[in-house]
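Hi everyone, thanks for making the time this morning.

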Amino acid sequence: MTIHLAPDHPASRAALAQAEATSANQHESKRGRSKQSHTNDAQALKTPPVKPQGKRRGSGPEQAIQNAILAYLHARGILAWRINSGAVKAAHGGLIKLAPKGHSDIFALYQAKAVFIEVKRQGGKVSPDQQAFLDRVRSAGAIAFVARSIDDVEEQLGESS
């Protein structure tokens with residue numbers, strides 16, 4: 001996994017280390033589950049797990065880039081949040097609606113402007129819904145762009161160290 005970070009940012013090394021550690025921990029926890037971990041948690045046995053629909057999200061290179069960008073924004077004092085879109089199945093069987101389909105991965109407030117950042121890994125493509133969302137919020141006066149690295153965020157926000 002390659003993440004392009006500007007080495008002179010204080011948050012860059014820490015963000016990369018955190019993202020790589022998180023990715024490694026997730027990988028290890030998938031491989032190293034023991035029978036004991038499945039039987040010891042009585043509370044987990046009482047509540048049946050909800051199976052995710054569709055492909056699994058929340059891990060991999062794109063997630064690591066999101067984490068690094070969020071760490072960078074927070075280190076710069078910029079308010080920023082990860083936004084989930086779509087819907088998830090709740091334990092009671094209903095759906096919980098999240099942000100609209102195509103909503104950007106990161107929302108931030110920068111110099112009194114709304115910022116929407118769609119994070120993609122190198123070679124990743126923006127879906128038509130994502131592009132339509134970026135175009136719509138950009139036309140409303142927001143800053144909206146695709147980022148594949150912290151350098152892209154710096155460039156779009158006009159920041160440099």
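Look at the start of helix 6, where a side-chain oxygen of Ser149 comes to within 3.3 Å of the backbone nitrogen of Asp151. Before I go further, please keep in mind that this is a predicted model.

Helix 6 itself covers residues 150-157, and its buried residues are Ile150, Val153, Glu154 and Leu157. How do these buried residues fall when you look down the axis of helix 6? They lie within an arc of 100°, so they line one face of the helix. The spacing makes sense: an α-helix has 3.6 residues a turn, so residues three or four places apart point the same way. After helix 6 comes Gly158, with a positive phi near 70°.

Lys120 sits in the loop that runs between strand 5 (113-119) and helix 5 (128-139). Is Lys120 buried or exposed? It has a relative accessible area of 8%, and buried means under 20%, so Lys120 counts as buried.

What does the side chain of Lys120 find there? A polar contact of 3.2 Å links it to the side chain of Gln130. A polar atom of the Lys120 side chain also lies 3.5 Å from the backbone oxygen of Lys125. Leaving aside residues up to four places away in sequence, Lys120 touches Glu62, Ile65, Lys125, Val126, Gln130, Val146, Ala147 and Arg148.

Over to the surface. Leu109 belongs to strand 4, residues 106-110, and is partly exposed, with a relative accessible area of 39%.

Let me step back to the whole chain. How many helices and strands does the chain have? There are 6 of each: 6 helices and 6 strands. Along the sequence, they follow the pattern α-α-α-α-β-β-β-β-β-α-β-α.

Of the 161 residues in the chain, 31% are buried. If you take contacts between residues at least 6 apart in sequence, 59% of them join residues at least 24 apart. The chain exposes about 10,300 Å², with carbon and sulfur atoms supplying 52% of that area.

That's my tour; I'm happy to go back to any part of it.

Key: Residues numbered from 1 in each chain as written. Predicted model: local features only at pLDDT ≥ 70, side-chain atom pairs only at ≥ 80, totals over all residues. Heavy atoms only, no water. Helix = DSSP H or I, 4+ residues; strand = E, 2+ residues; numbered from the N terminus. Buried < 20%, exposed > 50% of the residue type's maximum accessible area, 1.4 Å probe, protein only. Contact = heavy atoms within 4.5 Å. Areas by Shrake-Rupley, 256 points an atom, 1.4 Å probe, with all protein chains shown as cover. Polar contact = N/O pair within 3.5 Å; in protein donor to acceptor, adjacent residues only side chain to side chain. Arc of directions from axis to C-beta.
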